[in-house]
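Here is a friendly note to read alongside the model. Keep the viewer open and look up each residue as you reach it.

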Amino acid sequence: MVLGPDLVIADVNEAACRVTGRTREDLLGRYLFDAFPENPADPDAEGVRNLHASLQRVLRSKEPDTMAPQKYDIPVADQPGEFEERWWSAINTPVLGPDGQVKWIIHRGEDVTEFILSHRRPREGTAPSNAEAMEVELYARARELRQLNEELRQAHAREHQVAVTLQEAMLHSPHLARHRDTAVRYLPAAGSLNVCGDWYEVVDLPENRFAVAVGDVVGHGLEAAAVMGMLRSALSASVRAVEEPAGALDILGLYARYVEGAMATTVVQAVVDTRARRITYSSAGHPPPVLLHQDGTCDLLDQATDPPLGARPTPVPRPQADLPYTPGDTLVLYTDGLIERRGEDIDAGLQRLTNALARHARHSPERLADALLAQLGVSSGARDDIALIVVRL
């Protein structure tokens, strides 16, 4: 299969159709994990997670990624909800464009189901031949070697893994799991092994409301991450206390004055009232969120923008604005790494963002998040860190 950076199937060969029992018309143009979802009847299924992780490694590293043989069940054609057990040996290979970015991913999978199932246990009343025993041994060794290769890659990237683990712990949002139509993405800057100061947050509030925020502390590394953790926690507590975005940012601004490294932090806070179907928001120097309508039109939430935290010598109440939404609209918040490019006006980046959103307005939040990163050319990393949250309202 040929995949775009947004993980949409661009082409398949005859063998891929034959082995999956699907037609080209059924597969072309579909998001890979919509075409081949996880088997809901298998509580231990890891096929989607492992394949998605491999594809993301290819996008980041721009190097081929060989996957250990693994179980990935596929839907049975013409039998909705039914899945067939399948085992695969796969390799994902990037194809780079003229700009050096990943333009395509070649996903080559070999169906090894028959081999796996036939060698799980000896056939009753028979003993494996020397050739069969050797095949089993070679297969087991191949799995071990691939596992060791994965462990070695993790060891080489230990600093990065520790950093990512720390970042994930600091970005843990307990209420996020309740919002199934919400997708989040965090991408460290290309070539960076450090944690950073970008963050996102979702907080449930009383009376059918919830708050969504993204922020960006100046700098990279553990110092920026530590500041991020303090500011994120403070904002989360503030919006619970005052329940208005401008008031929450006022409190956060006062707190930031006493936190070294917090000055010039940008942050935007939005509160969604699902009963009134309105979004109230306030921004401290942050790029404007976007409200994407189902027809592909976009509204920029840019009517309540104020300087970053600590930019004024004396505190001044921050502005606040609101606007209505229609169920099915999508709210997109992000940090500047998604749209800003060196030597380019920010309006060009915003136009690029809204164009991409309009093009993919009907996508699910997960697919829209992947499509945005691919369309804006940052799937394999950008000059700056990126936090992205996509909320289907």
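Where is the place of R277? Point 2 has the answer, after a word on the model.

1. **Ground rules.** This is a predicted model, in which local features need pLDDT of at least 70, side-chain atom pairs count only at pLDDT 80 or more, and totals for chains, interfaces and linings use all residues. Residues are numbered from 1 along each chain as its sequence is written, and side-chain values use heavy atoms, with hydrogens and water left out. Helices (H or I, at least four residues) and strands (E, at least two) are DSSP runs, numbered from the N terminus.

2. **Two loop residues with positive phi.** R277 sits in the loop between β12 (266–273) and β13 (278–284). Its phi is near 55°, a positive value in a residue other than glycine. Most residues other than glycine have a negative phi. R277 is partly exposed, with a relative accessible area of 42%; here buried means under 20% relative accessible area, exposed over 50%, and partly exposed in between (1.4 Å probe, protein chains only). Now try E207, in the loop between β10 (196–205) and β11 (209–220). The phi of E207 is near 60°, also positive in a residue other than glycine, and E207 is exposed, at 63% relative accessible area.

3. **An enclosed strand.** Strand β18 (residues 330–334) is largely enclosed by the rest of the structure, because five of its five residues are buried. Both of its faces are covered: T330, V332 and Y334 are buried on one side, and L331 and L333 on the other.

4. **The neighbours of β18.** To find the places in your viewer, look for L291, whose bridge partner in β18 is L331, and for Y334, which stands opposite L388 in β19.

5. **Nonpolar cores.** A nonpolar core is a set of buried Ala, Val, Leu, Ile, Met, Phe, Trp, Tyr and Cys residues joined through side-chain atoms within 4.5 Å. The largest one has 25 residues, of which M1, I9, L32, F33, F36, L55 and I105 touch the most other members. At least two residues each come from α1 (14–20), α3 (32–35), α4 (47–61), β7 (87–96) and β8 (102–111). Helix α4 gives the most to this core, with five residues. A second, separate core of 24 residues includes V202, V268, Y325 and I389.

6. **A closer look at L55.** Not counting residues up to four places away in sequence, L55 touches L3, L7, L32, F33, N92 and I105, where contact means heavy atoms within 4.5 Å.

7. **A helix pair.** Helix α10 (residues 346–359) and helix α11 (residues 365–375) pack at an angle of about 135°, with their axes 10 Å apart. That makes α10 oblique to α11 (under 35 degrees counts as roughly parallel, over 145 as roughly antiparallel, 65 to 115 as roughly perpendicular and the rest as oblique). L353, A356, L357 and R359 of α10 make the contact with L368, L372 and Q375 of α11.

8. **One last residue.** L254 lies in helix α9 (residues 245–256) and is partly exposed, with a relative accessible area of 42%. The C-alpha atoms of L254 and P315 are separated by 7.4 Å, although the two residues are 61 residues apart along the chain.

Technical notes. Two strands pair if DSSP finds at least two bridges between them. Axes are lines fitted to C-alpha atoms, for helices over the stretch in contact, and angles run from 0 to 180 degrees between N-to-C directions.
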